[in-house]
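Here are some notes to read alongside the model. Keep the structure open and find each residue as you go.

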Amino acid sequence: MTQTPTRPQRQSGKATGAWADGDRTPLNPNEEFKQADDGLNVRARIEEVYSRDGFASIPGEDLRGRMRWWGLYTQRKPGIDGGKTATLDPSELDAEYFMLRVRSDGGALTGEQLRTIARISTEYARDTADVTDRQNIQLHWIRIEDVPAIWERLEAVGLTTAEACGDTPRVILGSPVAGIAADEVLDGTPAVREILDRYIGSPEFSNLPRKFKTAISGSPSLDVAHEVNDISFVGVEHPEHGPGFDLWVGGGLSTNPMFAQRLGAWVPLDEVAEVWKGVVSIFRDHGYRRLRNRARLKFLMADWGPERFREVLEKDYLGRALLDGPAPQPPSAHRRDHVGVHAQKDGSVWVGVAPVAGRVSGTTLYAVAELAERHGSGRVRLTAHQKLLVLDVPADQADALQAGLDELGLPAEPSEWRRGMMACTGIEFCKLALVETKARAGTVIAEMERRLPEFDVPFSIHINGCPNSCARTQVADIGLKGMVQTDDEGNLVEIFQVHLGGGLGTEPQLARKTRALKVRAEDLPDYVERLAGRFLEQRDGAESFAHWAHRAEEDDLR
């Protein structure tokens with residue numbers, strides 16, 4: 001059921017392109033290629049034509065458009081510096097290889113699934129693998145000729161790349177400790193599975209205005225960054241109806257960061273999929289399709305507000321009122337990443353480890369799968385913080401597991417520098433990036449562990465290669481947005497615009513921008529060391545870095 005407004009929605013006097021206006025004429029090239037052919041249909045061409053005839057046979061609208069509907073992005077050609085990112089034609093940036101994103105909704109993987117991804121990595125992807133902050137694993141150097149074989153192997157173990165990218169419902173974030181944490185409000189896994197089974201890969205929602213990000217967690221640690229997703233279901237205890245979810249809509253970062261807003265509605269577990277369908281349908285029908293930079297749900301929410309949004313959801317999409325409900329309690333712990341050794345409700349433990357900014361390899365993942373089965377049930381979880389958990393470990397096996405993970409370079413007791421580090425893909429593979437990120441993150445961690453090894457205050461550093469905030473720069477203690485500029489000698493240098501004092505949780509706030517504060521990439525360790533030292537000198541009791549950064553004098557932030 002949809003609503004047709006009495007007059008078209010408009011932005012600055014122009015029609016928004018919303019389908020609910022009654023005119024589906026595509027208003028930009030992205031809308032044109034989506035209308036011409038559903039992105040899901042490209043799979044048949046990949047299997048029957050492109051994988052046989054090679055990279056050169058792929059037309060542009062499939063290559064840089066529809067193939068994303070099956071988790072494939074063209075990879076950046078090596079050797080092209082960040083200064084050319086915005087100036088070259090997309091075809092000049094394309095390498096003849098792809099990034100492939102594998103869905104793992106809720107971050108859930110079995111040992112068999114992890115071994116399968118690992119073998120694909122070593123056989124087809126030059127041993128690459130990154131754990132993302134969307135609970136995916138990304139592979140690189142994928143040839144189009146190998147994609148059908150990769151799909152066959154993934155699907156044989158219950159995995160898919162369907163709608164891992166594109167203007168679709170992306171991977172569903174879920175608590176990585178769902179079903180095992182003693183303190184969870186409720187386990188959201190059945191809702192994750194129902195949405196995945198009913199709607200992912202369906203033409204009903206395969207042409208959205210832009211990407212749509214979902215999070216469902218019953219953890220009181222608020223571990224899925226619900227504040228910055230398009231829709232989030234957050235575990236709460238209703239005083240009359242028991243455990244359920246508080247509904248949040250319209251979050252997102254990138255170049256126009258906005259926090260999600262509560263609708264004040266309580267949703268029981270068995271109604272989550274229905275309400276999810278209603279919200280994504282509103283986005284499909286009313287979302288702004290004219291301009292790509294205003295096509296996210298957060299812009300519709302900003303214009304409508306939560307009261308109108310809830311009214312439209314109830315009257316025009318659900319056909320009934322939702323129950324009012326309470327807001328979630330403040331997080332049960334400062335940490336959301338589940339790193340370390342923690343007791344499960346069944347008496348076993350889980351062990352959470354911290355790769356360097358999510359960077360692992362197929363070889364490493366295979367070894368993790370072996371360790372998980374030797375010392376536990378084989379179940380592994382990915383987190384929304386680029387971390388990895390091994391579940392169901394008998395307490396007397398925890399030390400042996402930790403020793404094995406340490407040998408792989410995956411510590412369960414990492415330094416604060418490693419634990420708080422996140423980084424996007426960066427210029428190594430991403431065509432939008434301006435600077436290096438993963439290697440830079442490793443350098444900063446190593447230097448800070450050497451310079452300030454005793455630093456023991458929670459401290460997050462998020463490094464992003466462009467303004468799009470895939471690494472959530474605006475909600476980190478130190479958010480670093482990659483840029484390039486020419487120095488006095490005419491050399492192109494990598495720099496970072498600095499954002500300070502962002503955070504989620506008890507006091508969600510966007511980071512502070514100072515007077516055009518920028519730091520050269522090679523100077524990052526010096527800057528972080530200087531800033532951390534000033535924070536410790538001026539800290540008031542147990543004050544957080546974020547709180548200090550918002551009250552500090554600008555000169556102390558340089």
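1. First, a term. A helix here is a DSSP run of H or I with at least four residues, and helices are numbered from the N terminus. With that rule, L63 belongs to helix α3, which covers residues 60-63. Bear in mind that the model is predicted.

2. Is L63 buried or exposed? Its relative accessibility is 4%. The cut-off for buried is under 20%, so L63 counts as buried.

3. What does L63 touch, once neighbours within four places in sequence are set aside? Its contacts are F55, I58, T74, D94 and F98. Now look towards L557. That residue is 494 residues from L63 along the chain, and the two C-alpha atoms are 44 Å apart.

4. Next, the sheet. Five strands form an open sheet in the order β3-β4-β7-β6-β16, and the pairing is antiparallel. The edge strands are β3 (72-76) and β16 (359-360), each with pairing on one side only. As a general point, strands of a sheet pair through backbone hydrogen bonds.

5. Strand β6 (residues 129-131) and strand β7 (residues 137-142) run antiparallel and are joined by two bridges. Find V131: its bridge partner in β7 is I137.

6. Now the rings. The model has 19 aromatic pairs. One of them is Y97 with W141: the ring centres are 5.1 Å apart and the planes meet at 75°, so this pair is edge-to-face. Y97 sits in strand β4 (residues 94-102) and W141 in strand β7, so the pair ties together parts that are 44 residues apart in sequence.

7. How accessible are Y97 and W141? Y97 has 24% relative accessibility and counts as partly exposed. W141 has 17% and counts as buried.

8. Some rings gather in a group. One aromatic cluster is formed by W417, F455, F459, F535, F545 and W548.

9. R24 is over the face of W19, at 4.0 Å from the ring centre. R43 has its charged end over the ring of W70, 4.9 Å from the centre of that ring.

10. Last, helix α8. It spans residues 272-286, which is 15 residues. From its first C-alpha to its last it reaches 21 Å, close to the 21 Å expected at 1.5 Å a residue. Of its 15 residues, 13 are buried, so that α8 is mostly covered.

Methods:
Residues are numbered from 1 along each chain as its sequence is written. This is a predicted model: local features need pLDDT of at least 70, side-chain atom pairs count only at pLDDT 80 or more; totals for chains, interfaces and linings use all residues. Side-chain values use heavy atoms; hydrogens and water are left out. Two strands pair if DSSP finds at least two bridges between them. The expected span of a helix is 1.5 Å times one less than its number of residues. Buried means under 20% relative accessible area, exposed over 50%, partly exposed in between (1.4 Å probe, protein chains only). Rings of Phe, Tyr and Trp (its six-membered ring) pair if their centres lie within 6.5 Å; planes under 30 degrees apart count as stacked, over 60 as edge-to-face and the rest as tilted. A charge sits over a ring if NZ of Lys or CZ of Arg is within 6 Å of the ring centre and within 35 degrees of the ring normal. Contact means heavy atoms within 4.5 Å.
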